[in-house]
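Dear colleague,

I am handing over the structure below, and I would be glad if you could read the notes that follow with it open beside you.

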Amino acid sequence: MNSTWSITGFAITLLCATSVFAAPSPQSVQYSLGEELYLNPGRGGCTQCHGKAGNFPVMPLYPKIGGQSELYLYNQMIDYREKRRQNGLYVPMEVAMQPFSDEEIKAMSVYLAQQNAF
Ligand code: HEC
């Protein structure tokens, strides 16, 4: 009887432990959302100008954004959306950022910051 209980207890503990490890981390949830938003042609259309993973710009003048720091990317995108960054070629970016919430911009920053810079 004791051993049955301890085996059951052990199984339950194992189950709980596995489900904790199997749960996706908040960081990976943000990464997946960011990837989905970045690749979605219907909203910001990011890849049309910045290319796959942010590092294949369609014009030499367009910046490479993959692998930049997460906070930097986040701040730039918020500033474009809030019309606080109005330098150089800002117009397409001001338009592109309008449909995104703070959380969505955060998610795209997480995704882009984890791409290889080259
Ligand atoms: C029509 C082309 C175009 C589209 C679409 C576009 N971008 Fe941009 N992006 C640019 C250009 C051009 C710049 C540089 C603007 C400037 O001089 O400030 C830029 C700048 C940026 C920067 C700042 C880079 C830096 O080094 O400061 C980020 C971050 C960025 N884009 C992310 C995105 C994301 C994410 C999307 C999709 C939601 C997107 N862009 C859609 C053309 C585009």
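**Helix H2 and its buried face**

In helix H2 the buried residues are Gln30, Gly34 and Tyr38. Viewed down the axis of H2, these buried residues fall within an arc of 60 degrees, and they therefore line one face of the helix. Please bear in mind throughout that this is a predicted model. The cover over the buried residues of H2 includes helix H3 (46-50) and helix H6 (102-113). As for its dimensions, H2 runs over residues 26-39, 14 residues in total, and reaches 20 Å from its first C-alpha to its last, which is close to the 20 Å expected at 1.5 Å a residue.

**Tyr74 in helix H4**

Tyr74 belongs to helix H4, which spans residues 70-81, and it counts as buried because 20 other C-beta atoms lie within 10 Å, the cut-off being 20 or more. When neighbours within four places in sequence are left aside, Tyr74 is in contact with Ile105, Lys106 and Ser109. Of these, Ile105 lies 31 residues away from Tyr74 along the chain, yet their C-alpha atoms are separated by 6.3 Å.

**H4 against H5**

The axes of H4 and helix H5 (residues 90-97) come within 7 Å of each other and cross at roughly 90 degrees, which means that H4 is roughly perpendicular to H5. On the H4 side the contact is made by Met77, Tyr80 and Arg81, and on the H5 side by Tyr90, Met93, Glu94 and Met97. Sorted by class, this contact of H4 with H5 has five nonpolar residues and two charged ones, with no polar residues.

Notes:
Residues are numbered from 1 along each chain as its sequence is written. This is a predicted model: local features need pLDDT of at least 70, side-chain atom pairs count only at pLDDT 80 or more; totals for chains, interfaces and linings use all residues. Helices (H or I, at least four residues) and strands (E, at least two) are DSSP runs, numbered from the N terminus. The expected span of a helix is 1.5 Å times one less than its number of residues. A residue is buried if 20 or more other C-beta atoms lie within 10 Å of its own, exposed if 12 or fewer, and partly exposed in between; C-beta atoms are placed from the backbone. The arc is that of the directions from the helix axis to the C-beta atoms. Two residues are in contact if their C-beta atoms, placed from the backbone, lie within 7 Å. Axes are lines fitted to C-alpha atoms, for helices over the stretch in contact, and angles run from 0 to 180 degrees between N-to-C directions. Angles under 35 degrees count as roughly parallel, over 145 as roughly antiparallel, 65 to 115 as roughly perpendicular and the rest as oblique. Ala, Val, Leu, Ile, Met, Phe, Trp, Tyr, Cys and Pro count as nonpolar, Asp, Glu, Lys and Arg as charged, and the others, Gly among them, as polar.
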